[in-house]
Every structure is written in structure tokens, then in C-alpha cells.
Amino acid sequence: MVSTAAIEFMAVSCRDVTSLNLTDRCEFVRSEPSCVPNMGLVNYLEIIYCLLGPEHYVESLLLTVAWLLVLFVGLGVTSGDFLTPALFVISKTLHMSQNMAGVTLLAFGNGSPDIFAALAGVRQGSYELVIGGLIGGGIFVTTVVAGSVFLTKPFKLAGRPFTRDCVFYFSAAAWAFYMFYTGEITMLHAIGFICLYCVYMALVVVSGILYQRYLAKEQDCKHRDQEKACQDEKPAKNGR
């Protein structure tokens with residue numbers, strides 16, 4: 001049976017499960033509707049609090065952490081063996097540059113889990129957790145992930161695309177900081193963020209098209225120079 005304290009917390013939220021006694025948490029996560037996952041197939045709260053019993057709560061938590069590491073490894077294998085090769089083929093088929101494919105196709109692939117996680121957090125009312133996760137994820141990618149890539153295989157970045165990406169990234173971060181500082185988020189802010197990304201995408205597409213035209217023009221000039229050099233060599237050989 002669930003204690004009186006547990007019954008009181010049932011009317012609140014699943015996040016209050018840690019305020020209950022260990023013996024009441026299993027029954028609470030099984031009976032509280034907000035503890036049931038909306039989109040997931042596995043109820044991890046039930047695994048943590050009910051799998052091995054309340055006396056083995058720490059062991060259940062460690063088992064869940066180990067499973068999380070397995071999921072990370074599986075995600076890395078999936079990305080390396082399936083996502084990246086597929087994006088490479090798609091970008092080649094659509095004649096997209098690596099930079100354009102990275103900021104469009106790869107960004108959509110990496111950002112889709114964040115979208116579903118953010119929507120799930122908003123449904124549960126965890127607004128600070130959602131915002132913190134999005135900002136923290138961006139910082140993690142630009143520091144740890146980028147640093148790990150540079151250590152693995154150093155390479156030279158294209159100056160103009162990198163500067164463009166940094167300007168838009170810092171602009172979005174500064175805008176978000178301003179909203180948090182003022183404590184006000186309106187529909188105009190939401191629309192503005194979407195418009196900012198649309199402007200960024202338009203700039204990426206236009207710059208990619210202009211760069212492709214520049215490369216084509218440069219190749220054409222080289223071809224003409226080679227033809228002219230060949231024509232100049234022919235009279236010289238005939239004169240000999």
C-alpha cells in the first residue's frame with residue numbers, strides 16, 4: 001500500500017518522486033500518469049525504483065547508467081555507419097558542398113532528437129530543463145565535440161563560412177540571453193528565432209550557389225588559358 005504522503009504527491013507531478021520514501025516510490029511511478037513515458041517504449045523510472053526493489057535502488061541506478069552508455073555507443077555506430085555515409089551520398093547527388101550539407105542535412109539529423117526531447121519537456125512543464133538542455137547541448141557540441149574532432153584529425157577550416165556560422169550562432173545566443181535577462185518570452189521572439197534561421201539558411205544557399213559559380217568560372221578560365229597556351233606552342237613548333 002502507498003502511504004498518505006505518497007497519495008498527496010500523486011496530485012502533483014512525477015518529478016516529486018524523490019521526495020517520497022524509498023518503499024513508496026515504486027508504487028508511485030506505477031500509478032502516477034505523468035510517470036508513464038509518452039513516446040518511449042521503456043519506463044526507466046519503473047526500472048530504477050521497481051526492478052531490484054527499494055533496497056537495491058543504487059544498483060538499479062547504476063544499471064540504468066550502464067544502459068545509457070550502451071545507447072551512446074549504439075548512437076555513435078549508427079551515425080558513423082549509416083547517417084554520415086547516407087548524408088554524403090545525398091549531398092553528392094544534390095551537388096551540395098560539404099559546408100551546405102553540414103548546416104542543413106547534418107544539422108537536421110542532429111537536431112531532431114533535441115526537438116522531441118524539448119517537446120516532451122515542455123509537456124511536463126520542465127521549461128528550465130528544456131532551455132538549459134538546448135543551450136548546454138550547443139556549448140557541448142562547440143567545445144567538447146569540436147575539440148575532440150580537432151584532436152583526432154586536424155584540418156583547415158574555410159574562413160568565410162566559419163565566420164558566417166559564428167556570427168549567426170553568437171547572434172542567436174545573445175538574443176536568448178537577452179530574453180532570459182528580461183524574463184519575457186513572447187510569440188514575436190519565437191517567430192524571430194525561426195526567421196533568423198530562415199535568413200541563415202537563405203544566406204547559406206545563396207553563398208553556396210555563388211561559390212559554385214565562382215569555381216565553374218575559375219575552371220573555365222583555366223581551360224581557356226590551357227587552350228591559348230597550346231595554340232601559342234603550335235606556331236613555335238612549326239617555325240622550328
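Good morning. Leaving aside neighbours within four places in sequence, Leu 51 is in contact with Glu 46, Ser 60 and Leu 63. I begin with this residue, and from there I shall turn to the whole chain. Please keep in mind throughout that the model is a predicted one.

Where does Leu 51 sit? It is found in the loop between H3 and helix H4, the latter covering 57-93. Its relative accessibility is 48%, so Leu 51 counts as partly exposed. Along the chain, Leu 51 and Cys 26 are 25 residues apart, and their C-alpha atoms are separated by 8.9 Å.

Let me now describe the protein as a whole. It has eight helices and zero strands. Read from the N terminus on, the elements therefore run α-α-α-α-α-α-α-α. Of the 240 residues, 18% count as buried. The accessible surface comes to about 17800 Å², and carbon and sulfur atoms account for 69% of that area. Among the contacts with a separation of 6 or more, 38% are between residues 24 or more positions apart.

How confident is the prediction, in terms of mean pLDDT? The mean pLDDT of the protein is 77, and 87% of the residues reach 70 or more. Among the elements, helix H7, residues 159-182, has the highest mean pLDDT, at 84, while helix H1, residues 4-10, has the lowest, at 46. Over residues 1-11 the pLDDT stays under 50, and for this stretch the model has 17 contacts beyond four places in sequence. Where pLDDT is low, the predicted coordinates should not be read in detail.

I turn next to the record. UniProt, in an unreviewed entry, places the feature "transmembrane region" at residues 61-90, 102-123, 129-150 and 187-211. I shall comment on two of these spans. Residues 61-90 are 100% helix and 0% strand in the model, and the end C-alpha atoms of that span lie 41 Å apart. Residues 187-211 are likewise 100% helix and 0% strand, with end C-alpha atoms 36 Å apart.

Met 201 has its place in helix H8, which covers residues 187-239. Is Met 201 buried or exposed? Met 201 is buried, because its relative accessible area is 15%, and the cut-off for buried is under 20%. Met 201 touches Val 103 and Thr 104, not counting residues up to four places away in sequence. Met 201 and Val 103 are 98 residues apart in sequence, yet their C-alpha atoms are 8.1 Å apart in space.

Let us now consider charged side chains. How many salt bridges does a search of the whole structure find? It finds two. In one of them, Arg 30 pairs with Glu 46, and the closest N and O atoms are 3.3 Å apart. Arg 30 lies in helix H2 and Glu 46 in helix H3, residues 44-50, so this pair ties together parts that are 16 residues apart in sequence. Arg 30 is partly exposed, with a relative accessible area of 48%, and Glu 46 is partly exposed as well, at 30%.

Asp 165 forms a salt bridge with Arg 164, and here the closest N and O atoms are 3.1 Å apart. Arg 164 is buried, with a relative accessible area of 11%.

Finally, I draw your attention to Arg 25, which lies in helix H2, residues 22-31. Which side chain of opposite charge is nearest to Arg 25, and how far away is it? That side chain is Asp 24, and the distance is 8.2 Å. A salt bridge requires a nitrogen and an oxygen within 4 Å, and Arg 25, although buried, has no salt bridge.

To close, I return to the main points. The protein has eight helices and zero strands, a search finds two salt bridges, and pLDDT stays under 50 over residues 1-11. Thank you for your attention.

Methods
Residues are numbered from 1 along each chain as its sequence is written. This is a predicted model: local features need pLDDT of at least 70, side-chain atom pairs count only at pLDDT 80 or more; totals for chains, interfaces and linings use all residues. Side-chain values use heavy atoms; hydrogens and water are left out. UniProt positions are given in the numbering used here, feature names are shortened, and annotations may be inferred rather than shown by experiment. Helices (H or I, at least four residues) and strands (E, at least two) are DSSP runs, numbered from the N terminus. Buried means under 20% relative accessible area, exposed over 50%, partly exposed in between (1.4 Å probe, protein chains only). Lys and Arg count as positive and Asp and Glu as negative; His and the chain ends are not counted. Contact means heavy atoms within 4.5 Å. Accessible areas come from the Shrake-Rupley method with a 1.4 Å probe; for residues, only the protein chains shown count as cover. pLDDT is the predictor's confidence in each residue, from 0 to 100.
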